[in-house]
Amino acid sequence: MTKKSKINFSTKKKSKINFRSNKKNKINFVSNKKNKINFGSNKKKRKVDIKQLSLILVVFLVIVFMGVKVVGATTSYIEDKREEKILMQQKSEAKRLAEEKKRKEEEAKKRMIGVNHEAKKNAYDALEVANKLKNHNYSNNGEKIVFLTFDDGASTTVTPQILDVLKANGVNATFFVTGRNIERGGVKAKELIKRSFDEGNSIANHSYSHDYKILYPQGTVDLEKFTKDFKKTDDMLKDIISPYFSTRVIRCPGGHMSWKGMDVLETYLKEHNMASIDWNAINGDAQGKKKNANELLERTKKTSKGKEMVVLLMHDTYGKEETVKALPQIIQYFKDNGYEFKTLA
Ligand SMILES: [Zn+2]
């Protein structure tokens with residue numbers, strides 16, 4: 001019994017062992033479980049890691065997204081600002097150019113010296129011509145130039161026909177007008193002055209009165225009366241053409257060459273950068289007996305012969321219809337002989 005019991009004991013022992021074994025197993029099991037738990041713990045940890053990583057990733061993406069947004073917004077803000085600045089610069093540049101253009105136009109208007117802006121290409125330096133005439137030097141470096149000049153206009157009968165002939169032949173002339181004749185012709189004469197200027201002709205001053213007694217008492221120039229008389233016409237021309245119009249080209253009634261005491265006038269003209277223009281050829285429409293168109297042409301040929309620079313004196317006042325008739329042939333004659341048509345300004 002005891003033995004059995006022993007055995008039992010032993011069995012018990014065995015059982016114990018078994019138990020132990022079991023325990024061991026249990027332990028093993030536990031251990032396994034532990035492993036399992038460990039294993040489970042790792043899984044949990046990894047799960048946590050993934051969650052954390054995901055969170056970090058999301059946060060990171062949000063930051064990146066926000067960053068991109070912010071950078072984008074900042075860039076577009078900077079770009080907008082830059083564009084705004086460029087636009088402002090362009091606007092201010094356009095404004096500056098517009099102002100400069102306006103200023104230049106004003107300047108151009110102010111510089112209307114006898115001819116309009118467009119007609120300047122055909123204009124010739126009147127001071128140079130005045131000097132050549134004074135010195136009887138009619139050469140021009142081999143280039144032939146002719147200045148068609150008409151005195152004592154405007155007339156409402158002859159001037160429009162002269163303008164028609166000039167236009168039809170594509171040439172321009174210089175008109176030495178008198179204020180008294182403009183007044184005589186009224187609105188029509190003023191319109192002719194404006195038309196003449198607009199068509200590219202040069203408008204020059206030939207005094208207001210054309211009265212020798214006023215301008216040259218006892219044959220000697222009276223500078224004060226002379227300049228006052230010329231100023232009257234200049235003011236009329238400003239009124240007709242433009243407030244900015246002014247001509248520095250004058251022709252003394254009767255001719256600069258005909259009067260005494262002209263040194264004071266010379267000094268005055270020099271101080272004011274003005275040119276007094278006489279002539280070196282005539283068609284003869286105011287000299288001697290009345291001539292027909294053919295005689296006027298012949299007189300022109302005779303007096304201009306051999307001169308490279310021709311300043312031809314003619315008249316567009318009342319009664320000069322023969323000059324109108326002769327003019328197309330006179331123009332043709334100079335064209336055939338290689339002359340360029342210039343205006344004085
Ligand atoms: Zn005259």
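Predicted model: local features only at pLDDT ≥ 70, side-chain atom pairs only at ≥ 80, totals over all residues.
What does the side chain of Arg195 meet in a salt bridge? Its partner is Asp164, and the N to O distance is 2.7 Å. This pair connects distant parts of the chain, since Arg195 sits in helix α4 (residues 179–198) and Asp164 in helix α3 (residues 159–169), 31 residues apart. Asp164 is partly exposed as well, with a relative accessible area of 44%.

Is Ser196 buried or exposed? With a relative accessibility of 3%, Ser196 counts as buried. Leaving aside residues up to four places away in sequence, Ser196 touches Leu163, Phe175, Asn201 and Ile203. Val115 is 81 residues from Ser196 in sequence, while the C-alpha atoms of the two lie 9.6 Å apart in space.

The salt bridges of the model number 15. Two further examples lie within helices. In one of them, the side chains of Glu100 and Arg96 meet at 3.0 Å, N to O. Both belong to helix α1 (residues 2–110), and because they are four residues apart there, about one helical turn separates them. Glu100 is partly exposed at a relative accessible area of 26%, and Arg96 is partly exposed at 40%. In the other example, the side chains of Lys301 and Glu298 form a salt bridge at 3.5 Å, N to O. These two residues are in helix α8, three residues apart, again about one turn of the helix. Lys301 has a relative accessible area of 27% and is partly exposed; Glu298, at 39%, is partly exposed too.

Helix α8 leads on to the strands. The chain segment that ends in strand β8 can be followed from strand β7 (residues 281–282), which pairs with β8 in the parallel sense over two bridges. Between them the chain crosses from β7 through helix α8 (residues 293–304) to β8, and this β-α-β crossover is right-handed. Within the pairing, Ile282 has Leu313 of β8 as its bridge partner.

How many of the residues of strand β8 (residues 309–315) are buried? Seven of its seven residues are, and the strand is mostly covered. Met309, Val311, Leu313 and His315 point one way from β8, whereas Val310, Leu312 and Met314 point the other way, and all are buried. Strand β8 is also joined to β2 by seven bridges, and β2 and β8 run parallel. One of the paired residues is Val146, whose bridge partner in β8 is Val310.

Which residues coordinate the zinc ion? They are Asp152 through OD, His206 through NE2 and His210 through NE2, at 2.1 to 2.2 Å. Along the sequence these donor residues follow the spacing D-x53-H-x3-H.

The last stop is the aromatic residues. The structure holds ten aromatic pairs. In one of them, the ring centres of Tyr216 and Phe226 are 6.1 Å apart and the planes stand at 55 degrees, so this pair is tilted. Tyr216 lies in the loop between α5 and α6 (223–240) and Phe226 lies in helix α6, so the pair ties together parts ten residues apart in sequence. Tyr216 counts as buried at 2% relative accessibility, and Phe226 is buried with a relative accessible area of 2%. Phe334 and Tyr339 form an edge-to-face pair, with 5.1 Å centre to centre and 85 degrees between the planes. Phe334 is buried at a relative accessible area of 0%, and Tyr339 counts as buried at 10%. Tyr216 and Phe226 also take part in one aromatic cluster, together with Tyr212, Phe230 and Trp259.

How values were computed
Residues numbered from 1 in each chain as written. Heavy atoms only, no water. Donors = N, O, S within 2.8 Å, 3.2 Å for Na, K, Ca; no water. Buried < 20%, exposed > 50% of the residue type's maximum accessible area, 1.4 Å probe, protein only. Pairing = 2+ DSSP bridges. Right-handed = clockwise from strand over helix to strand, strands pointing away. Salt bridge = Lys/Arg side-chain N within 4 Å of Asp/Glu carboxyl O. Contact = heavy atoms within 4.5 Å. Phe/Tyr/Trp six-rings, centres within 6.5 Å; stacked < 30°, edge-to-face > 60°.
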